[in-house]
Amino acid sequence: MSASGSLGIAAAVDHRTLSLADLFAGVRLTHKELELLTALRQHPGQCLSREFLHRTVWGYGEGVRSRTVDAHICRLRTKLGPQGEGRIRTIMRAGYFWQP
């Protein structure tokens, strides 16, 4: 998978090592972190609810009350570091979005 253009970054994903190339060189992600990042990047600027991310990334059903998404977002922000700073935004009580 490759993406560029509207995101303003080049980020080719090597699915065997789950690393991001180019801007995020050397960043190693777990499978779920990669799925979460992919979900966010597929909907740039659109707020994705925790419920949507639970269903899409983890396959959970309705009504799940878990901090799984929050914990993964926190780790993802840490791993992306300064290059990804400000890319994953929080909308309180609503969800998260990818800032292109």
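**Overall picture**

The structure is a predicted model, and the protein in it has three helices and five strands. Read from the N terminus on, these elements follow the order β-β-β-α-α-α-β-β. Of the 100 residues of the protein, 37% count as buried. Among contacts between residues at least 6 apart in sequence, 45% join residues that are at least 24 apart.

**The nonpolar core**

The largest nonpolar core has 18 residues, and those that touch the most other members are Leu36, Leu40, Leu53, Ile73, Leu76, Leu80 and Ile88. Two or more residues of this core come from each of helix 1 (31-41), helix 2 (50-58), helix 3 and strand 5 (95-98). Helix 1 gives the most to the core, with five residues.

Helix 1 is also mostly covered, since eight of its eleven residues are buried. The buried residues of helix 1 are Glu33, Leu34, Leu36, Leu37, Thr38, Ala39, Leu40 and Arg41. Leu40, when residues up to four places away in sequence are not counted, touches Leu48, Ile73, Ile88, Tyr96, Phe97 and Trp98.

**Helix 1 against helix 3**

Two packed helices are described by the angle between their axes and the distance between the axes. For helix 1 and helix 3, the axes come within 10 Å and cross at roughly 90°, which means that helix 1 is roughly perpendicular to helix 3. By class, six nonpolar, one polar and four charged residues make up the contact of helix 1 with helix 3. On the side of helix 1 the residues are Lys32, Glu33, Leu36, Leu37 and Leu40, and on the side of helix 3 they meet His72, Ile73, Arg75, Leu76, Lys79 and Leu80.

| Residue | Relative accessible area | Class |
|---|---|---|
| Thr68 | 19% | buried |
| Pro100 | 42% | partly exposed |
| Arg93 | 81% | exposed |

Thr68 lies in helix 3, which spans residues 68-84. Thr68 counts as buried because its relative accessible area is 19%, and the cut-off for buried is under 20%. The side chains of Thr68 and Ser66 are joined by a polar contact of 2.6 Å. Leaving aside neighbours within four places in sequence, Thr68 is in contact with His54, Trp58 and Tyr60.

Arg93 belongs to the loop between strand 4 (88-91) and strand 5. With a relative accessible area of 81%, Arg93 is exposed, the cut-off for that class being over 50%. The phi angle of Arg93 is near 60°, which is a positive value in a residue other than glycine.

Pro100 is found in the segment after strand 5, and its relative accessible area of 42% makes Pro100 partly exposed. The C-alpha atoms of Pro100 and His43 are separated by 9.8 Å, although these residues are 57 residues apart along the chain.

**Drawing the parts together**

Terms used:
Residues are numbered from 1 along each chain as its sequence is written. This is a predicted model: local features need pLDDT of at least 70, side-chain atom pairs count only at pLDDT 80 or more; totals for chains, interfaces and linings use all residues. Side-chain values use heavy atoms; hydrogens and water are left out. Helices (H or I, at least four residues) and strands (E, at least two) are DSSP runs, numbered from the N terminus. Buried means under 20% relative accessible area, exposed over 50%, partly exposed in between (1.4 Å probe, protein chains only). A polar contact is a pair of N or O atoms within 3.5 Å; within protein, one must be able to donate a hydrogen and the other to accept it, and residues adjacent in sequence count only if both atoms are side-chain atoms. Contact means heavy atoms within 4.5 Å. A nonpolar core is a set of buried Ala, Val, Leu, Ile, Met, Phe, Trp, Tyr and Cys residues joined through side-chain atoms within 4.5 Å. Axes are lines fitted to C-alpha atoms, for helices over the stretch in contact, and angles run from 0 to 180 degrees between N-to-C directions. Angles under 35 degrees count as roughly parallel, over 145 as roughly antiparallel, 65 to 115 as roughly perpendicular and the rest as oblique. Ala, Val, Leu, Ile, Met, Phe, Trp, Tyr, Cys and Pro count as nonpolar, Asp, Glu, Lys and Arg as charged, and the others, Gly among them, as polar.
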